[in-house]
Amino acid sequence: MRRWLCTFTLLGTLIPPAVAVAQKPAVAAPGPMALQVRSEFLYAWNAYKQYAWGHDELTPLSKGHHDWYNKSLLMTPVDALDTMIIMGLTDEADKTREFIATNLSFDQDIEVKNFEITIRLLGGLLSSYQMTGDHRLLDLADNLGNRLLPVFNSPTGMPYMFVNLKTGKTRGAESNPAEIGTLLLEFGTLSKLTGKPIYYDKAKNAVVALYGRRSKIGLVGSTINVETGQWIDATSHISGGIDSYYEYLLKSWLLFGDKDCKKMWENSVKAVNKYLADNTRNGLWYGQVDMNTGKRLSTQYGALDAFFPAVLARSGDLDRARKLQESSYKMWTTFGIEPETLDYTTMKVVSPGYQLRPEIIESAYYLSFYTKDDRYQEMGSTFLLSLVRYCKTDTGYAALSNVETKAKRDSMESYFLAETLKYLYLLFAPRETLDLNKVVFNTEAHPLRKTWSNQAKDF
Ligand code: DMJ
């Protein structure tokens, strides 16, 4: 197994690994902006270590910790590990990896959310395994994947939302496209790396079952019953609850070369662009429509929708990606930081929080990579400034409960270290730090590579 290498300058400055192009010539040193992001990462990580070590997450205002279940699953360390590797924080990464490998156990009598555990833990373990070659991480991933498999035992093959890691008991028949269709990158990679086809097959079957229930005009709704296959809420959008279903159709094609996924992506994005896109005087936005009729139901857009320019850019649609990113940026700058949701016809806040989300930064990074336009690093400077100004506390970073008052909330989700700061770092880091054409990020920003293909051209 090749390792993702870190190199050092003569002065001893740590240079980040040439992710996905390991064994190629050394990468240029990160500039001042990238170094600042790295130091903000360390600031938040050290606060986690000081006040929440061994737990799932830091609670920055109360200087404590929060566990998702009655047992910690080391959410923050697992989610943050590949960011450390990419940033070249080798000692920190080595210690964290050792801690995970010796302390993380999935043999727990707890009922977990399949989607979150898959994207954060399974994704994190797999990418860190690919970067380090530490087999203990793959063993953990295999162990976890096996414990999650019962979710697929529904009459339709679409997964239940929850599963008990010890007993395999499932619950939660009312689910949504994101939770059903955001599993194939992780489960598929697990199959490729372990040689066990069951993971790929179950996750693929679930997506196909969901896609097969799209409406006549090609859209999916917000809520579906995985036992009956009936839609419960026919509202269609690209926001939370549906978002990464679309992302994974495209990316499963890119990572696995799965032609069914390519077809499902192409058909789906056509319908999304036809019915959900809303070209207004205020720019391009994506709102809500009825999945059966295409009738517009509302005009809301938010922090979660802001992932879509990244996906459009990755698919080659730079024109729409650029326009939508300008709208997202307008959303951010109107308040100094973005709200969870606004009405794009009035620019009034609908849901006022900012949960330290990464999507708008992820899109800036993709657009910067594919267009080489300085505009997106300019956006990145604004994002960094706002984060430091409004979310930095004396103990790590905190979410905001209200972007208008800038009141803080006692939460620092693990994705802040896995995604938000990783994408911000990559936006400013030397381009060769990571070749976006050679990895596929899962929806939690864990980069996956076709290490199973053995074809030099893939890397
Ligand atoms: C992350 O867990 C993932 O990006 C997911 O797809 C959406 N929500 C958060 C970040 O906002």
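Buried, as I use the word, means under 20% relative accessible area, with exposed over 50% and partly exposed in between, for a 1.4 Å probe and protein chains only. This is a predicted model, so local features need pLDDT of at least 70 and side-chain atom pairs count only at pLDDT 80 or more, while totals for chains, interfaces and linings use all residues. Residues are numbered from 1 along each chain as its sequence is written, and side-chain values use heavy atoms, leaving out hydrogens and water.

Now the rings. Rings of Phe, Tyr and Trp (its six-membered ring) pair if their centres lie within 6.5 Å; planes under 30 degrees apart are stacked, over 60 edge-to-face, the rest tilted. By that rule there are 23 aromatic pairs in the structure.

Take Trp-285 and Tyr-301: the centres are 5.1 Å apart and the planes at 80°, so this pair is edge-to-face. Trp-285 sits in strand S13 and Tyr-301 in strand S16, so the pair ties together parts 16 residues apart in sequence. Strands are DSSP runs of E, at least two residues; helices are runs of H or I, at least four; both are numbered from the N terminus. Trp-285 is buried at 0%, and Tyr-301 is buried at 0%.

Next, Tyr-397 and Phe-416 make a tilted pair, 5.0 Å centre to centre with 40° between the planes. Tyr-397 is in the loop between helix H14 and strand S19, Phe-416 in helix H15. Tyr-397 is buried at 1%, Phe-416 at 0%.

Last, charges over rings, where NZ of Lys or CZ of Arg is within 6 Å of the ring centre and within 35 degrees of the ring normal. Lys-392 lies over the face of Tyr-43 at 4.4 Å from the ring centre.
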